[in-house]
Amino acid sequence: MKKDTILEVFGYLKSKQIVSGESDFSEHWLGCSESYMRKLRSSQSEPSLGAVAICASRLQNAAEQLEVLPRYQPLAKQLTSMSIKCRSLVDAESVEFELS
């Protein structure tokens, strides 16, 4: 599920020419090495929770910067939606504990 979401985000950002490729996305949107997406795509593994959380944060930051410009409000809404999707994946895997 996390992998599908990250691939969806990458595809969307690439279609909007926000990222030039997997290396750019890996470094600037996931906070990982430039080869991270390539390894992820070719393996059965899921992205790390940290990478998904960083992606959620960076999507939200970009959306907040774009939403003040009327021309980019539809893009900002889509980035916010993808950020929420990423955050929900992080929340679903977070460990709950009681504070005493």
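Is Ser26 buried or exposed, and what is its relative accessible area? In this predicted model, Ser26 is buried, with a relative accessible area of 0%, and the legends below begin with the helix that holds Ser26.

**View 1. Ser26 in helix α2 and the residues around it.** Ser26 is found in helix α2, and its relative accessible area of 0% places Ser26 among the buried residues, because buried means under 20%. When neighbours within four places in sequence are left aside, Ser26 is in contact with Gly31, Cys32, Ser33, Glu34, Tyr36 and Met37.

**View 2. Asp24, a buried residue of helix α2.** Asp24 lies in helix α2, which runs over residues 22-28, and Asp24 has a relative accessible area of 19%. Asp24 therefore still counts as buried, since the cut-off for that word is under 20%. The side chain of Asp24 makes a polar contact with the side chain of His28, at 2.6 Å. Beyond the neighbours within four places in sequence, Asp24 is in contact with Ile18, Val19 and Trp29. Between Asp24 and Phe10 the C-alpha to C-alpha separation is 9.9 Å, and these two residues are 14 residues apart in sequence.

**View 3. The largest nonpolar core and Phe25 within it.** In soluble globular proteins, nonpolar side chains tend to be buried together. The largest nonpolar core here has 28 residues, and those that touch the most other members are Leu13, Phe25, Leu30, Leu59 and Leu79. At least two residues of this core come from each of the helices α1 (2-15), α3 (36-42), α4 and α5, and α4 gives the most, with eight residues. For Phe25, if residues up to four places away in sequence are not counted, the residues touched are Ile6, Val9, Phe10, Leu13, Val19, Leu30, Met37 and Cys55.

**View 4. The salt bridge between Lys2 and Glu93.** Three salt bridges are counted in the model, and one of them joins Lys2 to Glu93, with the closest N and O atoms 3.6 Å apart. Lys2 lies in helix α1 and Glu93 in helix α5, so this pair ties together parts that are 91 residues apart in sequence. The two partners can also be described by their accessibility: Lys2 is buried, with a relative accessible area of 11%, whereas Glu93 is partly exposed, with a relative accessible area of 43%.

**View 5. The salt bridge between Glu8 and Lys85.** The side chains of Glu8 and Lys85 meet in a salt bridge, with an N to O distance of 2.8 Å. Because Glu8 lies in helix α1 and Lys85 in helix α5, the pair ties together parts that are 77 residues apart in sequence. Glu8 counts as partly exposed, at 36% relative accessibility, and Lys85 is partly exposed too, with a relative accessible area of 33%.

**View 6. The salt bridge between Arg41 and Glu22.** The side chains of Arg41 and Glu22 meet in a salt bridge, with an N to O distance of 2.5 Å. Arg41 lies in helix α3 and Glu22 in helix α2, so the pair ties together parts that are 19 residues apart in sequence. Arg41 is partly exposed, with a relative accessible area of 43%.

**View 7. Gln17 in the loop between α1 and α2.** Gln17 lies in the loop between α1 and α2, and Gln17 is exposed, with a relative accessible area of 72%. The phi angle of Gln17 is near 60 degrees, which is a positive value in a residue other than glycine.

**View 8. A nonpolar surface patch that includes Leu69.** Val68, Leu69 and Tyr72 make a nonpolar surface patch of about 270 Å². Leu69 lies in the loop between α4 (49-66) and α5 (73-93), and at 40% relative accessibility Leu69 counts as partly exposed.

**View 9. Asp91 in helix α5, with Leu49.** Asp91 has its place in helix α5 and counts as exposed, at 57% relative accessibility. The C-alpha atoms of Asp91 and Leu49 are separated by 9.7 Å, although the two residues are 42 residues apart along the chain.

Note on methods
Residues are numbered from 1 along each chain as its sequence is written. This is a predicted model: local features need pLDDT of at least 70, side-chain atom pairs count only at pLDDT 80 or more; totals for chains, interfaces and linings use all residues. Side-chain values use heavy atoms; hydrogens and water are left out. Patches are made of residues with over 30% relative accessible area and no salt bridge: like charges are joined within 9 Å, nonpolar side chains (Val, Leu, Ile, Met, Phe, Trp, Tyr) within 5 Å. Accessible areas come from the Shrake-Rupley method with a 1.4 Å probe; for residues, only the protein chains shown count as cover. A salt bridge is a side-chain nitrogen of Lys or Arg within 4 Å of a carboxyl oxygen of Asp or Glu. Helices (H or I, at least four residues) and strands (E, at least two) are DSSP runs, numbered from the N terminus. Buried means under 20% relative accessible area, exposed over 50%, partly exposed in between (1.4 Å probe, protein chains only). Contact means heavy atoms within 4.5 Å. A polar contact is a pair of N or O atoms within 3.5 Å; within protein, one must be able to donate a hydrogen and the other to accept it, and residues adjacent in sequence count only if both atoms are side-chain atoms. A nonpolar core is a set of buried Ala, Val, Leu, Ile, Met, Phe, Trp, Tyr and Cys residues joined through side-chain atoms within 4.5 Å.
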